[in-house]
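Please consider the sequence and the model shown below.

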Amino acid sequence: MATVELTESSFADTIKSSPIVLVDFWAAWCGPCRNFAPVYEKASLANVDIVFAKVDTEAEQGLAGRFDISSIPTLVAIRDGVVLYSQAGALPQEGLDNLILAIREVDMDEVRKQISKAGAPKTGD
């Protein structure tokens with residue numbers, strides 16, 4: 001699957017309907033973003049079960065703000081609606097491939113358990 005443009009209006013539906021979504025926050029004027037684009041596109045073609053989305057930070061400032069994007073490119077990995085990774089900087093192909101593998105291998109039951117624990121009020125304090 002090729003990359004898709006993600007907007008504030010399409011964000012929620014995309015996250016809800018896709019188990020794994022990678023989001024590349026970028027801008028046309030950004031040299032590192034342009035260099036990362038072919039790496040990202042190649043990974044999207046090799047992993048057709050994952051949604052590879054791009055957010056133009058100039059056009060979608062609200063969405064970029066929601067993720068506190070202060071440097072681009074920034075790659076965000078979301079699985080089952082949970083942000084598992086958010087890091088600025090362009091990854092080389094091997095680094096992106098390794099990240100995708102790691103995201104696939106995450107035990108989401110354990111992640112949800114940890115989220116639940118973190119949100120639960122502490123007792124005995």
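Predicted model: local features only at pLDDT ≥ 70, side-chain atom pairs only at ≥ 80, totals over all residues.

Phe36 forms a tilted aromatic pair with Tyr40, with 5.6 Å from centre to centre and 40° between the planes. Tyr40 is buried as well, because its relative accessibility is 0%. Both residues belong to helix H2 (residues 31–46), and because they are four residues apart there, about one helical turn separates them.

The structure holds four aromatic pairs. Another of them joins Phe25 and Phe67, again in a tilted arrangement, at 5.4 Å centre to centre and with 45° between the planes. This pair links distant parts of the chain: Phe25 is in strand S2 (residues 20–26), whereas Phe67 is in the loop between H3 and strand S4 (74–79), and the two are 42 residues apart. Phe25 and Phe67 are both buried. Ring pairs also bring in Phe11, giving a cluster of Phe11, Phe25 and Phe67.

In soluble globular proteins, nonpolar side chains tend to be buried together.

The surroundings of Phe25 can be followed in detail. Beyond its neighbours within four places in sequence, Phe25 is in contact with Val55, Thr57, Leu63, Ala64, Phe67, Ile69, Ile72, Pro73, Thr74 and Val76.

Thr57 is located in the loop between strand S3 (51–56) and helix H3 (61–66). Is Thr57 buried or exposed? Its relative accessible area is 12%, so Thr57 is buried. When neighbours within four places in sequence are left aside, Thr57 contacts Phe25, Trp26, Ala27, Ala64, Ile69 and Ile72.

Thr14 is part of H1 (residues 8–17), and its relative accessibility of 16% is the reason why Thr14 counts as buried. Not counting residues up to four places away in sequence, Thr14 touches Leu6, Val21 and Val51. Phe11 and Ile15 are buried in H1 along with Thr14. Viewed down the axis of H1, the buried residues fall within an arc of 95°, and so they line one face of the helix. The cover over these buried residues includes S2, S3, H3 and S4. On the face turned away from the buried side, H1 carries the exposed residues Ser9, Asp13, Lys16 and Ser17.

The last element to consider is helix H5 (residues 108–119). Its 12 residues reach 16 Å from the first C-alpha to the last, close to the 16 Å expected at 1.5 Å a residue. At the start of H5, the backbone nitrogen of Asp109 has a side-chain oxygen of Asp107 within 3.1 Å.

Definitions and conventions:
Residues numbered from 1 in each chain as written. Heavy atoms only, no water. Buried < 20%, exposed > 50% of the residue type's maximum accessible area, 1.4 Å probe, protein only. Contact = heavy atoms within 4.5 Å. Phe/Tyr/Trp six-rings, centres within 6.5 Å; stacked < 30°, edge-to-face > 60°. Expected span 1.5 Å × (residues − 1). Polar contact = N/O pair within 3.5 Å; in protein donor to acceptor, adjacent residues only side chain to side chain. Arc of directions from axis to C-beta.
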